[in-house]
Amino acid sequence: MASIEKEIEDLFAKRNKYIDKSLKTSYKEMEAIQKELTALVFKKYLNKFDIENGKIVFTNKNLRLIAEVDTIFEMFAKRYSKNIFKNVGLNMLDMVVYSEDYFKKFGNKALTFQKIEGKLNTISNRIGISKDGQLIKGSYLDRLATAPKFKEELKDYVAKGLSENISLQEFQKGFSTLIEGSKDVDSSMLRYWKMETHDAFFSVSRAQDDLFAQKLGMEFFIYLPGKIDTTRLFCEEKIGKCFHRLDAEKWRDKEWAGKNKGYNPLINMGGYNCRHSPAWVSNLVVKKRFPEKYKEYESILNDKV
């Protein structure tokens, strides 16, 4: 591998190690609070249902209880999950030091955090962390703490239980399995949280890099790091190649398995669970290492080499 790609991958590896460590910590905390949600459901919710002959019955009162799942989740989030996602957000923002290290090496050593602090605050607000390190009500992370997708799944489960007139014992067992999963199988709530948190970390790191790149007028990037067993064909055919921002815009119109809804090329890259990022490089590097790509966009470049 050429030296510049090796240097970039080494810097990426440091950030990815930080992300992996942060994710592992978050995942353990998420796993630990699943039982707390089960306890809340059994203590504050399941004892409210009308039961006849040991079975959940279809009554207006029971139908109204479907909406109370929202209340249980709000209670759960306030007591447990919001604190986890507050720490997730703070860890995401701390990644900016890796962007600084990268652009001091491949961009401009004089570029400082203060020069883009205002724009980084925009990212902070977008993901949902205030200046004093608290979750912003209604923000992405604040909503994620209440597991909206999984919450709807539980509502569907309650509705199904009412329509099928199942036993209270079966009803309770189903709740436990949905919330906590089973042996060697994560619950859908945990799978949802893991996927969203993983993708959020990488999206924020790419967004932070993009702010530096824009500040420096950098228009080209190399698609990195390398291939692993789960790499999608979409990513595999791009690894190690150089692209201009305008090239990436063309990806919006392509379709492939795993593409994000509302896809943003420089933020989502290969889609869900993607670990690749744009490695921004100067025009000079592109002119020397990727002359054909440089010539393709030479007439519109803003910077002089």
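Ile-8, Tyr-45, Phe-175 and Trp-193 touch the most other members of the largest nonpolar core, which has 92 residues. Such a core is a set of buried Ala, Val, Leu, Ile, Met, Phe, Trp, Tyr and Cys residues joined through side-chain atoms within 4.5 Å. Buried here stands for under 20% relative accessible area, exposed for over 50%, and partly exposed for what lies in between, using a 1.4 Å probe and protein chains only. Helix H1 (residues 3-44) supplies the largest share of this core, with 13 residues. As general background, nonpolar side chains in soluble globular proteins tend to be buried together.

A word on the source: this is a predicted model, in which local features need pLDDT of at least 70 and side-chain atom pairs count only at pLDDT 80 or more, while totals for chains, interfaces and linings use all residues. Residues are numbered from 1 along each chain as its sequence is written, and side-chain values use heavy atoms, with hydrogens and water left out.

Now to the overall picture. The protein has 14 helices and 5 strands; these are DSSP runs numbered from the N terminus, with helices being H or I of at least four residues and strands E of at least two. Of its 305 residues, 49% count as buried. The C-alpha atoms fill a box of roughly 80 × 40 × 30 Å along the principal axes. Taking contact as heavy atoms within 4.5 Å, 73% of the contacts between residues at least 6 apart in sequence join residues at least 24 apart.

Two helix pairs are worth a look together. Their axes are lines fitted to C-alpha atoms over the stretch in contact, and angles run from 0 to 180 degrees between N-to-C directions.

| Helix pair | Axes come within | Crossing angle |
|---|---|---|
| H7 (residues 148-164) and H8 (residues 168-180) | 11 Å | roughly 165 degrees |
| H1 and H3 (residues 69-94) | 9 Å | roughly 175 degrees |

Angles under 35 degrees count as roughly parallel, over 145 as roughly antiparallel, 65 to 115 as roughly perpendicular and the rest as oblique. H7 and H8 are therefore roughly antiparallel, and so are H1 and H3.

In the contact of H1 with H3, the residues divide into 14 nonpolar, 4 polar and 5 charged. For this count, Ala, Val, Leu, Ile, Met, Phe, Trp, Tyr, Cys and Pro are nonpolar, Asp, Glu, Lys and Arg are charged, and the others, Gly among them, are polar. The H1 side includes Tyr-18, Ser-22, Met-30 and Leu-40, and the H3 side includes Ile-72, Phe-76, Arg-79 and Asn-91.

Leaving aside neighbours within four places in sequence, Tyr-45 is in contact with residues including Leu-40, Ile-72, Val-158 and Phe-175.

A few other residues round out the tour. Ser-22 is found in H1 and is buried, with a relative accessible area of 7%. Beyond its neighbours within four places in sequence, Ser-22 is in contact with Asn-91 and Phe-201. Ala-39, also placed in H1, is partly exposed at 40% relative accessible area. His-198 belongs to helix H9 (residues 188-216) and is buried, with a relative accessible area of 12%. With its neighbours within four places again set aside, His-198 is in contact with Leu-23, Tyr-27, Asn-273 and Cys-274.
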